[in-house]
Amino acid sequence: MVFLSGTLGFKCPQALAFCSKIHMDFKPRTRSLHNPFSRSPPRELLPTEDGSNITLQEWQGWGTTSPLPTIVTRIADDLKDLEKDSDEKMTFGGKGGKIKGDFKKQEDKKHRETYRGLGDSEQKLQFFSARQIACRLVGSRGYLCQKCWLPHEDCMCSKVTPCKLWHGIRFWLYMHPKDFLRQNNTGKLLWQLFGVEAATLCLFGIAEQEEIMWNAFKCSGKDKVWCLYPNKSGVVKSVQEAFDQGLSTDLGFAETTTNGHDILNFVLIDGTWSNSAAMVRRLKDQAKLAWGEEDICFISLAAGASAMHKLRPQPSWDRTCTAAAAVGLLYELQLLPKFCSIGLDKQAEAIEDTLAVLLDALTARRLRMGRSITRKMRHHSDIC
């Protein structure tokens, strides 16, 4: 989730026009929330061919190039061993694909004991994140498409047209583990479109992925790392303020660069508003270790709502989904003289198109299951 500022000195007409169009075109229909078919039936664990829980190929198939985290493997193996030792079958279902039934009680008890026995907060965070991820990996096998994270019967992959992101930009999807494999997550759209090297997943609390991200930041340098977030305890710049000066006017370097020194790195916080504060604190702590100070440059975007507002509630209309934040960033960069010849607006349009595909797929699924597609109204004003 990303906060959008309404105080910039210039507007982003393309992005705002898109928001107005999707809002005006949407005609909500209400279905009963008590339909007996409104939730997927519990799913049993599907083992891999070699009998193990998670393989490197399977792990990377979900949208990452990182090594398989050791702690995730260990927790997945613990789940398998616990199932063997108990009389209960491991089943998954409901919101987030969580473990269900009596097996959940046994699993909770065992892992709470493990958590309490850990020595420091860093170990506890890594264990918490790995447990969330391991359960999602094991429970989603054979049920979700690895590319789009939707159930196979709702797969949208055939409707997505991949394209290239300008070589001078790299997105980092810094994702909370509770958003990993979430069907309505929009950060996944960026690597579906641009590939895992241009839009890279980094899961909060997973040491292997965080190390890869910070090694890239150190290579690029502090002045080429930005985070889209309203840092209330520090200076937040608009895109215009951050890039209208101090950056080389010759942007052709990124077409041939191979060492990463000239790449512009943008961190997109991919999690709920309540979880994002802890993720930003961790970024600041890691920045202090890397550069001796916790100052990361934070930037905010012009106001504009996401298409996903129609299906999932946000704390306020000035906060948007991850994919829409990337759209806004690309459109605002396109307005600057240094970037106007690159065609970032075309790449923003590609994200918009894919976001619309996801919205259609989720809407069709909800209608088929008899669930409501009307967004819960928490606000009295509509900025679109």
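Predicted model: local features only at pLDDT ≥ 70, side-chain atom pairs only at ≥ 80, totals over all residues.
Residues are numbered from 1 along each chain as its sequence is written, and side-chain values use heavy atoms, with hydrogens and water left out.

Okay, cores. By that I mean buried Ala, Val, Leu, Ile, Met, Phe, Trp, Tyr and Cys residues joined through side-chain atoms within 4.5 Å; buried is under 20% relative accessible area, exposed over 50%, partly exposed in between, using a 1.4 Å probe and protein chains only. The largest one has 78 residues, and Phe171, Phe180, Phe243, Phe266 and Leu333 touch the most other members. Where does this core lie? It sits between domain 1 (56–139) and domain 2 (152–245 + 261–368), because both give residues to it; those bounds come from an automatic or database domain assignment. A separate core of 21 residues includes Trp214 and Phe217.

Now salt bridges: a side-chain nitrogen of Lys or Arg within 4 Å of a carboxyl oxygen of Asp or Glu. There are twelve here. Take Glu210 and Arg282, with closest N and O atoms 2.8 Å apart. They're 72 residues apart, in helix 7 and helix 9 (helices are DSSP runs of H or I, at least four residues, numbered from the N terminus).

Compare Asp108 and Lys104, at 3.4 Å. They're four residues apart in helix 4, so about one helical turn separates them. Asp108 is buried at 17%, while Lys104 is partly exposed at 33%.

Definitions and conventions:
Helix = DSSP H or I, 4+ residues; strand = E, 2+ residues; numbered from the N terminus.
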